[in-house]
Amino acid sequence: MNLITMLKLSLTVLALFFCFSSKAQYSNPVNSIDYFNLGVDKQAQKDYVGAIEAYNKAIEIDSTNWRSYFNRGLTKKDLNNHKGAIVDFTAALKIDTANELLYFVRGMSKYVLKDFKGAILDIDKSISIKDGYPSAYLIRGNANKDLSKFKEAILDYSKAIKIDPSFEEPYFQRGVLLGYQKDFNGAISDFSRAIEINPTNQNSYMNRGLARISIHQNKEACADFKKAVALGNNDAKRMLATYCK
């Protein structure tokens with residue numbers, strides 16, 4: 001699973017936790033909570049336009065509920081409108097200034113928009129309010145990596161792993177950076193752990209194969225390239241042709 005897919009799934013789940021009642025008056029909403037719950041229901045059904053309309057109405061009736069802005073922001077994110085999502089997350093933060101979740105999701109949208117410095121600032125704030133989210137360190141690590149701050153990125157990935165040793169993505173990302181730094185044994189170890197967690201990720205096999213080639217473990221590398229090809233990685237075909245004749 002790639003990072004953006006993972007974040008999309010995690011944010012969709014987050015939205016569902018903020019349903020006030022499982023008995024919303026869907027057929028005849030009359031107050032902000034009814035419209036909020038209608039929005040949650042439509043969001044779950046991937047009726048994003050309908051969800052936004054419901055959240056709009058909820059906010060029109062009660063503009064003091066940060067959750068309505070939060071969920072509308074998540075819905076805009078599902079429509080790939082990250083600029084609009086950031087506007088809503090910012091509006092929610094004006095109501096609840098000490099909510100680590102709001103800084104976290106705004107930071108993720110900033111990351112998608114390649115505002116890496118802005119993403120880091122928001123994730124820093126989220127962590128300062130409440131530490132313990134491995135995804136926060138993953139996002140900050142990726143932003144640091146994209147800013148070529150590799151030492152800081154590796155520290156972030158390591159922290160994410162410490163919090164959740166079963167989290168695949170930081171192993172993969174740390175493995176990539178260790179490979180950049182020519183720590184091929186460390187990279188192999190991280191890719192191997194990523195494969196243990198998710199044995200269907202073609203990119204982990206491909207990258208482990210490259211690291212193994214770098215330390216002349218050609219037999220093992222060729223096995224990795226073959227597995228990557230079987231999983232659909234076309235780049236691995238070239239590696240097979242070059243190193244595994």
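**Exercise 1. Determine the handedness of the disulfide between C222 and C244 from the torsion about its S-S bond.**

Solution. Begin with the torsion about the S-S bond of C222 and C244, which is about -100°, so the disulfide is left-handed. Next, check the pairing itself: the sulfur atoms of C222 and C244 are 1.9 Å apart, and a disulfide is defined here as a pair of cysteine sulfur atoms within 2.5 Å. Helices here are DSSP runs (H or I, at least four residues), numbered from the N terminus.

The model is a predicted one, in which local features need pLDDT of at least 70 and side-chain atom pairs count only at pLDDT 80 or more, whereas totals for chains, interfaces and linings use all residues. Residues are numbered from 1 along each chain as its sequence is written, and side-chain values use heavy atoms, with hydrogens and water left out.

**Exercise 2. Classify the packing of helix 4 against helix 5 from the angle between their axes.**

Solution. Helix 4 (residues 66–78) and helix 5 (residues 82–95) pack at about 165°, with axes 8 Å apart; the axes are lines fitted to C-alpha atoms over the stretch in contact, and angles run from 0 to 180 degrees between N-to-C directions. Angles under 35 degrees count as roughly parallel, over 145 as roughly antiparallel, 65 to 115 as roughly perpendicular and the rest as oblique. Helix 4 and helix 5 are therefore roughly antiparallel to each other. Their contact (heavy atoms within 4.5 Å) includes W66, Y69 and F70 of helix 4, and F89 and I95 of helix 5.

**Exercise 3. Classify the packing of helix 12 against helix 14 in the same way, and list the residues that make the contact.**

Solution. Helix 12 (residues 202–214) and helix 14 pack at about 25°, with their axes 10 Å apart, and the two helices are therefore roughly parallel to each other. The contact is made by M206, L210 and I213 of helix 12 together with D235, A236, M239 and Y243 of helix 14.
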